Amino acid sequence: VPLTLAEAQRLALRRSPQIDSQKAMAEASREMAVAAGELPDPQVFAGIENVPTSGMNAWSLREEMTMARIGVMQEFPRAEKRRLRSERALRDADRVDVAAEVDALTVRRETATAWLNAYFAMRVERTIASQIREAELQATMANASFRSGRGSQNDVLAAQGALIDLRNRTVETQLALRRARIALARFVGDEADRPLAETPELHVLPQPVEELVKVDAQPDVRRLDAQVAVLDTESRLARAGRLPDWSLELSYGIRQANADMVSLMVRMDLPWSPGTRQDRELAAKLKERDAPLAMREDLRRMREAEVRQMVAEWNAMREQAQRICEELIPLARSRTDAALAAYRGGMGALTMVLEARRGELEADLMLINMELAAARAWAWLANLIPGEAR
């Protein structure tokens with residue numbers, strides 16, 4: 001079954017360890033969000049208090065003030081802080097989700113490029129193979145003409161030289177095809193050895209240009225938005241740090257000579273100097289938040305320019321390919337036919353036919369190269385926004 005471009009992209013997405021890694025990190029952040037919103041675990045303590053170090057009862061447990069003490073302590077961070085810590089973990093999970101979308105688009109784009117490179121390398125191989133068949137026939141005819149005395153040795157050498165050149169080009173093309181298959185196998189595994197289906201409609205963009213230049217929907221830009229959301233939550237958490245937390249401690253003291261005792265202690269943080277600590281931490285978080293905002297604007301401008309440049313390149317390559325197909329290739333075919341007719345009529349040399357054949361081959365290869373350049377631009381534009389692989 002031929003391997004389509006869309007199927008190759010789906011296989012690559014399923015096999016990508018990088019995307020699996022991002023998904024695992026996102027799930028880890030969501031799990032952490034649950035824990036961050038809960039109260040800390042209580043602490044249990046036990047010990048001995050008021051052991052004398054001098055006098056008659058030094059280091060003795062019989063002193064009436066000495067007691068064994070056991071208790072439990074619970075910290076109570078403010079509910080707003082716990083909510084913000086949970087929100088921060090969720091925002092980080094959202095950021096990793098967007099990063100996974102960026103990686104998915106990268107995998108799709110690189111898979112499409114490898115698939116297209118292999119497809120057009122196969123076209124080049126077929127084009128050169130057809131020229132080799134013609135060159136072998138011409139070399140045979142040149143040898144026969146030379147032996148019968150109607151041709152020259154120069155024609156024989158020229159035909160053999162053209163055949164050698166084509167065979168060398170075949171080796172280069174086979175190497176390019178092998179490299180493309182290896183690059184494709186990185187994403188789809190053994191499926192890269194399957195025959196390739198026809199290309200999708202490369203002359204139609206997946207979305208209108210007006211939609212493509214709206215780069216705010218692209219994951220690269222949205223990833224910075226998610227980073228801003230994380231830092232915004234951290235700045236609110238730093239602002240909440242000005243409010244003190246408190247803890248409660250309940251203990252029971254056991255004494256030998258006197259009655260047992262119960263103690264209840266309440267502890268609270270004292271923001272002694274918020275101007276040099278909490279306020280500075282808040283200012284630092286606000287400055288950290290400004291950095292991705294500036295980077296987002298720069299990225300938005302750069303990506304919009306890249307989209308417009310790629311659209312212009314796609315249009316230019318298609319226009320050149322159309323001109324080559326409609327004008328240059330027919331002209332090269334006509335030149336070959338004229339040279340071949342002159343040679344058969346005894347009015348021209350075989351070298352003219354070989355030269356015309358070479359020009360025809362160059363025109364065919366030029367068309368394939370232009371179509372490949374347009375296809376690469378299409379692949380880049382088709383994988384800007386998440387969606388179903390085409």
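Contact here means heavy atoms within 4.5 Å. The model shown in these views is predicted.

**View 1. Ala 89 sits in helix α3.**
Ala 89 touches Ser 29, Met 32 and Ala 33, leaving out residues up to four places away in sequence. Its relative accessible area is 9%, and buried means under 20%, so Ala 89 is buried. Look also for Gly 37. Ala 89 and Gly 37 are 52 residues apart in sequence. In space, their C-alpha atoms are 9.7 Å apart.

**View 2. The largest nonpolar core has 61 residues.**
Trp 115, Val 307 and Leu 381 have the most contacts inside this core. Five elements are listed as giving two or more residues to the core: α1 (5-15), α3 (79-147), α4 (153-188), α7 (278-344) and α8 (350-382). Helix α8 gives the most, with 16 residues. In soluble globular proteins, nonpolar side chains tend to be buried together. A second, separate core has 12 residues. Among them are Ala 139, Ala 142, Ala 339 and Ala 356.

**View 3. Val 307 and the residues it touches.**
Residues up to four places away in sequence are not counted here. Leu 381, like Val 307, is one of the residues with the most contacts inside the largest core.

**View 4. Helices α1 and α4 cross at roughly 55°.**
Two packed helices are described by the angle between their axes and the distance between the axes. The axes of α1 and α4 come within 7 Å. Their angle makes α1 oblique to α4. From α1, the contact uses Ala 8, Leu 11, Ala 12 and Arg 15. From α4, it uses Ala 185, Arg 186, Phe 187 and Val 188. By class, this contact has 6 nonpolar, no polar and 2 charged residues.

**View 5. Helices α6 (219-240) and α7 pack at an angle of about 170°.**
Their axes are 9 Å apart. The angle makes α6 roughly antiparallel to α7. By class, the contact of α6 with α7 has 11 nonpolar, 2 polar and 12 charged residues.

**View 6. Thr 66 lies in the loop between β1 (43-49) and β2 (67-76).**
Thr 66 counts as buried, at 4% relative accessibility. A polar atom of the Thr 66 side chain lies 2.5 Å from the backbone oxygen of Asn 50. Leaving aside neighbours within four places in sequence, Thr 66 is in contact with Ile 48, Glu 49, Asn 50, Val 51, Pro 52, Ser 60, Leu 61, Ile 254 and Arg 255.

**View 7. Asn 50 has a positive phi of about 60°.**
Asn 50 is not a glycine. Asn 50 is in the loop between β1 and β2. With a relative accessible area of 42%, Asn 50 is partly exposed.

**View 8. Asp 245 lies in the loop between α6 and β3 (246-255).**
Its relative accessible area is 14%, so Asp 245 is buried. The side chains of Asp 245 and Lys 81 make a polar contact, at 3.2 Å. Leaving aside neighbours within four places in sequence, Asp 245 is in contact with Phe 76, Pro 77, Arg 78, Lys 81, Arg 267, Met 268 and Asp 269.

Note on methods. Residues numbered from 1 in each chain as written. Predicted model: local features only at pLDDT ≥ 70, side-chain atom pairs only at ≥ 80, totals over all residues. Heavy atoms only, no water. Core = buried A, V, L, I, M, F, W, Y, C linked by side-chain atoms within 4.5 Å. Buried < 20%, exposed > 50% of the residue type's maximum accessible area, 1.4 Å probe, protein only. Helix = DSSP H or I, 4+ residues; strand = E, 2+ residues; numbered from the N terminus. Polar contact = N/O pair within 3.5 Å; in protein donor to acceptor, adjacent residues only side chain to side chain. Axes fitted to C-alpha atoms, helices over the stretch in contact; angles between N-to-C directions. Parallel < 35°, antiparallel > 145°, perpendicular 65-115°, else oblique. Nonpolar A, V, L, I, M, F, W, Y, C, P; charged D, E, K, R; others polar.
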